[in-house]
Each structure stands twice: as C-alpha cells, then as structure tokens.
Amino acid sequence: MRVLSLHMILALLCLLVMAGLSLFIGVADLDLGAVLRGDGGDDALILLVSRIPRTVAIILTGVSMAISGLIFQMLTRNKFVEPSTTGTAESAGLGLLIAVFFFPAAPLLAKMALAAGCAIAGTLLFLRILDRLPPHEPLLVPLVGLMLGGVIGAVATFFAYQADLLQYLGIWTTGEFSGVLRGRYEILWLTGALALAGYLYADQFSILGIGRDAAITLGLNFRAVMWLGLLIVSVTTALVVVTVGAIPFLGLIVPNIVSRIMGDNLRAAVPWAASLGAGLLLFCDIIGRVIRQPYEIPIGTIFGVLGSAVFLYLLLGRKSHAV
Amino acid sequence: MIEICNVSHEIQGAKILSGIDLRLPKGGITALIGPNGAGKSTLLSLIARLEKLQGGTIRVDGADVSQTATAELARKLSILRQDTQVAARLTVADLVGFGRYPHHKGRPGPEDHAQVEQALATMALTGLRDRFLDALSGGQRQRAFVAMVLAQDTDYVLLDEPLNNLDMKHAREMMQQLRRAAHELGKSFVVVIHDINFAAAYADHIVALKDGAVQAQGRPDEIVTRASLREIFDLDIEVETVAGHPFALHQITPSSHR
C-alpha cells in the first residue's frame, strides 16, 4: 500500500493549523502559556469545556457529512445528491420534532434513534421516487429531492407551529457550533465511527457507483451494500441534525470538488473528502466567529452562502464535465 | 458447460423467452445471433443472474445460478452488458482494477496487479490507464469494460455486443483476443454479435434465437447459409465463401448483386 502522499501530509498540516486557530479564536482571550503551566484557571476551563469540544465537533461534522455525501452520490449515481437535497435532513428534523413532542422525557439517544428512523424512511421514499425518474435527466433528481425536502419541511413547520416548537426547528435546521459544550456533543463521535465504516467499505460503494450490473457481476450483495450506505448516510445526518443542526451543501460541494480532481475511487477519495470537509467547515466557523465579533454568524449561514455559490458554479460548469 | 433448461421469461406480460433448452459448451466462443428483440440480451442477463429467473433452471458448471452465492459465481462467470455509461468518475486502471474485486475483496496482491496489467495490455489500454472514463471515446470505453471483465479472469465470460462502437481495427483485434483466450487459456465466451460475418469467422458455435426460442444452432458453416439465414432473419442473404469462412453479403439484396 502507498504511504501518505506529500499532498495529504500538507492537507493534514493545514487542518492542524486551522484546528489550532479554532481553539484560540473567540470572545475570551486564552493564554496558552498559563494553561500549560497549570495556572490558567478560567482559561483552562474555557478550553476544555467549550473550545476543544467545539473544534472536535466541527471536525467530526465536516468529515462525516463529506463522506456521507460521497457515499450518497455513489448509491444514487448522481452528483447533485446529498442529505439536504433529498429530504433526509428534513426527515430527521421532523423525527426529532415528533420525539420532543410525544416523548419529551426520553433520553437523547432515544430521540436521536427516532430522528434516524425518520431520516431512513425519508431517504427510502426519495429512492423510490428516484426509481421512477428518467435515468438520463440527472438534474431532475436534486430538483425532485429539494421538493420532497420542502414538503417534509413544511409538514414539520406546520407541526412545530401548532406545538409551539418553532424555535427548536430553527435550531435543527441551521447548523451552529456555538452551543457545543462538553457533555453535549459526544454523541457526534458516532458519526466518526460511521465515517470509518464508510471508508472500510469504500470499494463496495465505488463498485455500486459503476452500476447495478457491475456490482452483481463482481459478486456484491447489491441490496446489502445499498442498505449499509443508506444507514450510514441517514444516521450520520440525524446525529448532526440533533447535535449541531443541518449544514446544507457540505455533503454536496466537498465530494464534487474531490471528484473533479481525484475521481470517484473512494479508497483514494474518502481521505481527501474527509480533510476537505473538516477544513472547509473549520474555515467557515472561524469566519463566522471573526466577522462581527463579539457576535457570531451561524456556520450554516456562512456555508449556505459559500455552498450555493459553488453549487451554482458546478451546475453551470456542467457542460465541460460529465457530472 | 452452461445448461439452460426450460427457461421462460416475461417482461410486463410480454413473452421474451419461451421454453429455452440449451447447452453451451465449455471452452471456445459461442455466438448468439438473431434479430432485434429475439431475447438474446435477456438470456445473457438470466445466465448472469442480473435478472431473476421466472421459470426453468440455469446451471454453470453444475452450479445453479439462482441458488449459488453471488460472490462465488463472480469467480466463475462475468458479464458485460451493452450500456457502458458510468456516472462515477473512474480512471481506466480503477475500473479494470475493480474486475479483481471478487478475488481480493479489497486487498489486491501482486497476482491481482499482474492480471490488471495483462488485461490493460490485451485491450491496448496501457497508455490510457490514468484517463478518466468520461474522457474516453465510446470505443475506448468499451475496451476498458472488456478489460475489466477479462481481469475478473472467470472461466465463463458473457459479452453483449462487445463490438459496439469499435472501429474495424479494434473490432478485429477484440475478436482475435477473445479467440486466443478461448483456445490458449480454455475460457468460454458467449457473445452477442450483430455482424454475422464476425460470428462466422471467429465463433466455434453459433446459436440463433428468434421470437424467444432457439431457431437453430451449430457450426458457423451450418448456420451461415442462405437457407438458414432466411429462416432466422426473414431476409434473403447471399452467402459466399471467403478464405474458408462463409461470408454473408447482407448489405445488398441478392437481385441487385451482379
């Protein structure tokens, strides 16, 4: 096997620098020397309770959403698909709403499970619709997915309005890391495990991306791999929605950029998608924190602006590339 | 040997195959010919378990395709269908490399790399190995897919119109490579071929399908005759003998000839 390439080492260094920046940017100024000497007092507390969890959460979210997007695009063989263009994120939000309304006393893990179940159901519905779309109209897929997401989102909004839970819905649909504190984000480590599973099955997902016939000929259990991918994508989305809120376009633009440069052999593409996803998210979060200090702009907003610009670029530049 | 017993198939109520009984010999090239809609592609898909069998049984070297584990069949039999459009951005080497997946399950060894290199060389793709599939011409992409199937290194290889998109040079080379693999390595190819003269020149055995049934089968010189082609294609075709092979002049009606 090839060892880490020079490019990959550089990328990881960049990531490390940004993670370092992320730790030391904020309303409160940290004195690293004092923290290390052990007499940091409040500084150490801020670092441990807020800054480190926040940075870790951003990296986990970036890595897992990018890999989810990559896998989702292989499953559907469509480059414009990601959890926020298929109704997956909206379904997770609706599931969470149902959990909060009907089972307010349930532990977070149970609420999350309901959200994940709804995300899976929503994604299955999307895949069923996908089967009925003409195969040679790739742009129809995200359009229909966005519509489905709109319908599910509208149901959730109506329900939230009636139940006076609109504020919650707002939190789940807009990704935000300022609320990440120690003890309130650890569930995100699960997304890391799912991302790792995605990497372990990278070959299978790549083969699925060639097509159903190729997958069967090469001896894959087509349905099993499809389900595995579906689970990874849906549960990751639900976990992210529950803890930090949806980050639209992350799973879309990162895999597309990586695909343009590296191609879709996931064995090679997954590490790049992971580092680019984490890097972009860290970058956007830092921007959001710096732009109008001492206030923050939610990362979902920053990434939404950046993401839609790149999405448009990818759509318009489609002619020169067989997306 | 591929044994096909009493296989029937319907798609949305339309009969595609009815009561097919066939034995395809091991080793050599079997050409499947017949008019459009005769059921050739469906038959290949059924042998390769891409479609579920509705009636009858198919066995490959004794293994029932509807009972045998798909991962096990993947080391016995491979198929290439007509549609080689791929949404994923893969390089030629990536694609051919995936042909080895049934053998290495994600951990390629030296043997796998050697097979990939050989398949690339056989299909004259070594210089294109790092090109993305979407940057290839239709014929080059076709060759890349055939190389993937060859890298899979199965005893049985089913090819649905492998000469699609190929120019004369590559079409001839492809058939010569298949014949070499069949006769030197003992591989068995079942190939859907539209150009009857390629079938006549390269196949060891020809099976003609018509309206979902076996119309005729035998050696090329038995099938490629004016009488039998008229039965199969409902077309009057003059057949000459060129260099020891029957040669069908199917482009022109016999009366305008000479």
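Helices and strands here are DSSP runs, at least four residues long for a helix (H or I) and at least two for a strand (E), numbered from the N terminus. The model is predicted.

**Figure 1. Chain A is built from helices.**
Chain A holds 14 helices and 0 strands. From the N terminus on, the elements read α-α-α-α-α-α-α-α-α-α-α-α-α-α. The C-alpha atoms fill a box of roughly 65 × 55 × 35 Å along the principal axes. A compact globule of 323 residues would have a radius of gyration near 20 Å, and the 20 Å of chain A agrees with that. Of the 323 residues in chain A, 48% are buried. Take the contacts in chain A between residues at least 6 apart in sequence: 78% of them join residues at least 24 apart.

An unreviewed UniProt entry lists "transmembrane region" for several stretches of chain A, including residues 52-72, 109-127 and 183-202. Two of these stretches are shown here.
Residues 109-127 of chain A are 100% helix and 0% strand. The end C-alpha atoms of that span are 26 Å apart.
Residues 183-202 of chain A are 65% helix and 0% strand. Here the end C-alpha atoms lie 32 Å apart.

**Figure 2. From α6 to α7 in chain A.**
A:D164 lies in the loop between α6 (140-162) and α7 of chain A. A:D164 is not a glycine, yet its phi is positive, about 60°. Is A:D164 buried or exposed? A:D164 has 9 C-beta neighbours inside 10 Å, so it counts as exposed.
The next stop is A:G170, within helix α7 (residues 166-173) of chain A. A:G170 counts as partly exposed because 13 C-beta neighbours lie inside 10 Å. Now look from A:G170 to A:I207. The two are 37 residues apart in sequence. Their C-alpha atoms are 38 Å apart in space.

**Figure 3. Where chain A touches chain B.**
How many residues does each chain bring to the contact? Chain A brings 20 residues and chain B brings 23 residues. On the chain A side, α9 (202-210) and α10 (212-217) each supply at least two residues. The most comes from α9(A), with 5 residues. By residue type, the chain A side divides into 6 nonpolar, 10 polar and 4 charged.

**Figure 4. An open sheet in chain B.**
Strands of a sheet pair through backbone hydrogen bonds, in a parallel or an antiparallel way. In chain B, 4 strands form an open sheet in the order β2-β1-β4-β5, with antiparallel pairing. Which strands of chain B stand at the edges? They are β2 (14-24) and β5. Each edge strand has a single partner strand, so one side of each has no neighbour in the sheet.
Now follow the sheet across. β1(B) and β2(B) pair over 7 bridges in the antiparallel sense. There, B:E3 has B:R23 in β2(B) as its bridge partner. On to the next pair: β1 (residues 2-11) and β4 (residues 55-60) of chain B, antiparallel over 5 bridges. B:I4 has B:I58 in β4(B) as its bridge partner.

**Figure 5. The hairpin of β4 and β5 in chain B.**
β4(B) pairs with β5 (residues 63-64) of chain B in the antiparallel sense, over 2 bridges. B:R59 stands opposite B:D64 in β5(B). This hairpin has 2 residues between the strands. In it, B:D61 takes a positive phi near 50°.

B:K105 is in the loop between α4 (101-104) and α5 (110-122) of chain B. B:K105 has a positive phi of about 50° although it is not a glycine. With 12 C-beta neighbours inside 10 Å, B:K105 counts as exposed, because the cut-off for exposed is 12 or fewer.
An unreviewed UniProt entry places the feature "domain: ABC transporter" at residues 2-236 of chain B. That span is 37% helix and 26% strand. The end C-alpha atoms of residues 2-236 of chain B lie 32 Å apart.

Technical notes:
Residues numbered from 1 in each chain as written. Chains lettered and ligands numbered in written order. Predicted model: local features only at pLDDT ≥ 70, side-chain atom pairs only at ≥ 80, totals over all residues. Contact = placed C-beta atoms within 7 Å. Nonpolar A, V, L, I, M, F, W, Y, C, P; charged D, E, K, R; others polar. Buried ≥ 20, exposed ≤ 12 C-beta atoms within 10 Å, placed from the backbone. Pairing = 2+ DSSP bridges. UniProt positions renumbered as here; feature names shortened; annotations may be inferred. Rg over C-alpha atoms; globule rule 2.2 N^0.38 Å.
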